[in-house]
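We will go from stop to stop, picking residues and looking at what sits around them.

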Amino acid sequence: MDYYSSPKELYNRISGKKDVNIADTVMIVVIFLLMIVLFLKTFVFTTVFVSGSSMETTLTDGDFLIADTLKAKLGSYTYGDVIVVDTGILTENGDTKKIIKRIIGLPGDVIEIKNGYVYRNGEILNEEYLTQKTYVEDYRVSPDIYTEFPHTVGEDEVFFLGDNRRVSLDSRRYEYSRIKKSQIFAVVPEWSIRHKNFIKKYYGFLYSVRGNNSIGD
């Protein structure tokens, strides 16, 4: 006569089911979670290591962020969003140079900078994240280096500035004034900026920090 230690064991015997090993279950859950992380890392999120001071005081040198590449692909961004831009300029290691800036203008917008303030379509911008005024160089001095203002943002283009306007290389420079929307590599969510210290402290080890450098020059 067979003996069953519990109703569960009897049920498993009748139904053909076997007891589930807890270690196997944990392993399956871990693998599943890793697959989700890998999927998000590949298709939705990327890691950003901030190098430089062009986005101070919002971001500082050494900050670690998580950015959304899907939003960039879908064009889900607007004025004031912090973005990672792929400039297409080759670096010494063969990668393309990426910079982190803030969206100021979108296609069709007329951008003017005068008396230390930025205007979009004739209206002065309230840039609460700034600690200084904004100035531009006269493009006539070096038209191949500086952007002419007023500047109309071209079709499928984006106009961006760094928050630290004294040192930032951005759309005030001619080479960055014709950047296409398709060159927006990722959008940095507000929650990522707000919790940047937490992300750096607890989750930085999960990713290759230097894998997607974003140099804020």
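**Aromatic pairs**

The structure holds three aromatic pairs (rings of Phe, Tyr and Trp, the last by its six-membered ring, with centres within 6.5 Å; planes under 30 degrees apart are stacked, over 60 edge-to-face, and the rest tilted). Before selecting anything, note that this is a predicted model, where local features need pLDDT of at least 70 and side-chain atom pairs count only at pLDDT 80 or more, while totals for chains, interfaces and linings use all residues. Residues are numbered from 1 along each chain as its sequence is written, and side-chain values use heavy atoms, with hydrogens and water left out.

Select F45 and W191: this pair is edge-to-face, at 6.5 Å centre to centre and 80° between the planes. F45 belongs to strand β1 and W191 to helix α4 (residues 190-194), so the pair ties together parts 146 residues apart in sequence. Helices (H or I, at least four residues) and strands (E, at least two) are DSSP runs, numbered from the N terminus. F45 is partly exposed at 24% relative accessibility, and W191 is partly exposed at 37% (buried means under 20% relative accessible area, exposed over 50%, partly exposed in between, with a 1.4 Å probe and protein chains only).

Now pick F160 and Y176, a tilted pair with ring centres 6.3 Å apart and planes at 45°. F160 sits in strand β9 and Y176 in the loop between β9 and β10 (184-188), 16 residues apart. F160 is buried at 0% relative accessible area, and Y176 is buried at 1%.

**Two buried charges**

Which side chain of opposite charge is nearest to D86? The nearest is K98, 4.2 Å away, and buried D86 has no salt bridge (a side-chain nitrogen of Lys or Arg within 4 Å of a carboxyl oxygen of Asp or Glu; Lys and Arg count as positive, Asp and Glu as negative, and His and the chain ends are not counted).

Show the polar atoms here. The D86 side chain makes a polar contact with the side chain of T96 at 2.9 Å, and a polar atom of the D86 side chain lies 3.0 Å from the backbone nitrogen of G88. A polar contact is a pair of N or O atoms within 3.5 Å; within protein, one must be able to donate a hydrogen and the other to accept it, and residues adjacent in sequence count only if both atoms are side-chain atoms.

Then centre on R120 in strand β6. R120 is buried without a salt bridge, and D109, the nearest side chain of opposite charge, is 4.6 Å away. The R120 side chain reaches the backbone oxygen of I104 at 2.7 Å, and R120 lies over the face of Y79, 3.7 Å from the ring centre.

**Backbone stops**

Most residues other than glycine have a negative phi, and most peptide bonds are trans. Select E56 and T57, joined by a cis peptide bond with omega near 10°; T57 is in the loop between β1 (45-51) and β2 (64-68). F149 and P150 are also joined by a cis bond, with omega about 0°.

Finish with D156, whose phi is positive, near 65°. D156 lies in the loop between β8 and β9 (159-161).

Key
A charge sits over a ring if NZ of Lys or CZ of Arg is within 6 Å of the ring centre and within 35 degrees of the ring normal.
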